[in-house]
Every structure is written in C-alpha cells, then in structure tokens.
Amino acid sequence: MKPIFGRGPSLQLRLFFALLISASLMLADSRLGAFTNFRYLLNSMVAPLQYASNVPRDLLDNVFRQFTSHQQLLIDNTKLKEEVLMLRSGQLILDQLEQENQRLRELLGSPFVRDERKMVAEVMAVDSDPYKHQVMIDKGRTNGVYEGQPVINERGIVGQVSYVGAHNSRVLLITDPTHAIPVQVVRNDIRVIASGRGDNDNIQLENIPSSTDIEPGDMLVTSGLGGVFPEGYPVAKVTSFSFDNKRPFAQVDAKPEVQFDRLRYLLLVWPTDVEKKEAVEEEGQTPASEDAQPSTAEEQTEEVSNG
C-alpha cells in the first residue's frame, strides 16, 4: 500500500537549510537593514497587547503605592518628631553654653582678680566621699600647677591644690574638715583661723575669746599670713556669734562666699612672691629667704598666734 504522505527530506537536511536561512536573514538584517520596517510594523501591532498586559500590574502598583505612601507618612512623621526632639535638646545645650559663657565672663572680669598670674581650670570630678571636700581639675604639672597653690573663682577663695599630677590636680576646698585658712575681719582687721566643718554652707572660726569684737555680718578675707593665700580675697561672712560661760571660747560660724555645690570653672592663682621666686630659680640664684607654707590647721594657728 502506498503511503498518503510521501517521505520528505531528512531531518539533518532540513536543519541545515533552516540554519542557512536564519544566518542569511540575520546577515541581511545586520548589514542591509532589510527588516527594519517590518520589525517596526510588528512592534506597532504588538504594543497594544503589551499595554493591556501591563494594566493589572499598574493597578497593583497604584494600590501598593497608596499603602506605601501611608506608611512613609507615618515614618516621616516619626522622624520629624525625633528631629524636633533633637533640636529642642540642642536648644537646651545652647542655653547651657550661654550660661557657661556668662560664668566665664564673670570669672575673668571679677573685681577680686588682681594682677597675679592666673589660669582658668575646669572641674573634672567631685569627690564622692561625704567626709572629703575635694574636686579634680584639668590642669597639672605640665601647666605649672604646684602643691599649695591658691584656687579662687569669681566669688572668692575656693581652696588650695593638695595634689598635682601630670595633667590634672586635686583641690582641697576650704570646707573640708582638714583645711584651715588664716583670715581677718574687714571691719577691724582682727586675725583669726577659719576651719572647714564638712558643710558647704558653714565654716567655723577657731579659738575666739568671748570678748572678741566679731559680729554677724562681718566679712572675712584672707589675711596673707602663712604665705599660701594672697591678702584680701573674700572667704566668708559671719552668720552667728555665741558663747557659753562654761566654755573658754565662743562659737563663731560663717557662711562661705563661694557656692561649692555649683563649681564648674576655677582660677589658679600664682601669687606675686611665687612668681618672683620662680624667676630667681630660673636664673640659678638662691632666694634670700623662703617663707614657710603651713598646710595644716595647727601650723597655720601657730603662725597667726605668733603674728
């Protein structure tokens, strides 16, 4: 029986002709641009189908964009609130910096700052021990700080340097129980010793006879005795004078001029005699006389008694 469909060329031959035609068409299109118009026509015919196929995706994109916009608005709102908070905190810091600037101006322009060489120091830390009244400052031996150096601020005497490191120092406040300072009453020049009691708002005058002419309201300033503190710096104001016949001495309390709970910037002072001594030592000469610098309450009391 003769088959209906005759056998055609073999598969290998058809593949060969297909490859040959394809190569010829590609060569003709790349070299001669023979199918440019035909490809343009096909693209125009297919374009409506492409737009139609993109409609579902565009609808989904719009819905997602609406949802995303709402989420983005919430995120932007949160960011704006955070930025407002940061700006407000920055405003607080700016106010603090303005206050610090004002305090520095008051410190450098204080009428109690005289011709002695001085240097501004910042308080780094406050001693946490309730029985010690000391602060750490950011100036040390590299800045010329020495032990026993007087420290003041815009209100008066703060204390003296008790320890000197390379880049920081420890200041013993006049309110410390181990500190004593020779003072005198401005009204009548009576010289006494003021000792700390461990209270920021109170110091005590030592060994005051009941007949001594001291009254509440009297201003106490440094007397200059002992060679540590220059003369004339404010220390405290007498708040009470009381005595008991059973006791040999009166009890005299005074309130320091310095607010020790608000210390931030201090002034290191080089008294004039110290500067002269340093100049002589730099020249390699020996000073004619060296004044002793008592650092304890007993030594300063003995010095005032001899005076």
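Helices (H or I, at least four residues) and strands (E, at least two) are DSSP runs, numbered from the N terminus. Residues are numbered from 1 along each chain as its sequence is written, and side-chain values use heavy atoms, with hydrogens and water left out. Because the model is predicted, local features need pLDDT of at least 70 and side-chain atom pairs count only at pLDDT 80 or more, while totals for chains, interfaces and linings use all residues.

**Around Ile174**

With a relative accessibility of 1%, Ile174 counts as buried. Buried means under 20% relative accessible area, exposed over 50%, and partly exposed in between (1.4 Å probe, protein chains only). Leaving aside neighbours within four places in sequence, the contacts of Ile174 include Ile157, Val158, His179, Ile203, Val235, Pro256 and Phe260; contact means heavy atoms within 4.5 Å. Gly198 is 24 residues from Ile174 in sequence, and the two C-alpha atoms are 9.1 Å apart.

**The chain as a whole**

Stepping back, the chain holds 4 helices and 12 strands. Of its 307 residues, 29% count as buried. Among contacts with a separation of 6 or more, 59% join residues 24 or more positions apart.

Strand 11 (residues 250–256) is mostly covered, with 5 of its 7 residues buried. Here are two strands that pair with it; pairing requires at least two DSSP bridges between the strands.

| Partner of strand 11 | Sense | Bridges | Residues facing each other |
|---|---|---|---|
| Strand 8 (residues 202–208) | antiparallel | 4 bridges | Gln204 and Asp253 |
| Strand 10 (residues 234–242) | antiparallel | 6 bridges | Val238 and Ala254 |

Strand 8 also contains Asn207, which has a positive phi of about 55° although it is not a glycine. Asn207 is partly exposed, with a relative accessible area of 44%. Another non-glycine residue with a positive phi is Asp189, near 65°, and Asp189 lies in the loop between strand 6 and strand 7 (191–199).

**The nonpolar core**

In soluble globular proteins, nonpolar side chains tend to be buried together. A nonpolar core is a set of buried Ala, Val, Leu, Ile, Met, Phe, Trp, Tyr and Cys residues joined through side-chain atoms within 4.5 Å. The largest one here has 42 residues, and Leu205 and Leu263 touch the most other members. Strand 12 (residues 265–270) gives the most to this core, with 5 residues. Not counting residues up to four places away in sequence, Leu205 touches Val183, Val192, Ile193, Ala194, Ile214, Leu220 and Val252.

Helix 1 (residues 11–32) has 22 residues and reaches 31 Å from its first C-alpha to its last, close to the 32 Å expected at 1.5 Å a residue. The expected span is 1.5 Å times one less than the number of residues. Of the 22 residues of helix 1, the number buried is 0, so the helix lies largely in the open.

The chain has 1 aromatic pair. Phe16 and Phe17 form it, edge-to-face, at 5.8 Å centre to centre and 65° between the planes. Rings of Phe, Tyr and Trp (its six-membered ring) pair if their centres lie within 6.5 Å; planes under 30 degrees apart count as stacked, over 60 as edge-to-face and the rest as tilted. Phe17 is partly exposed, at 42% relative accessible area.
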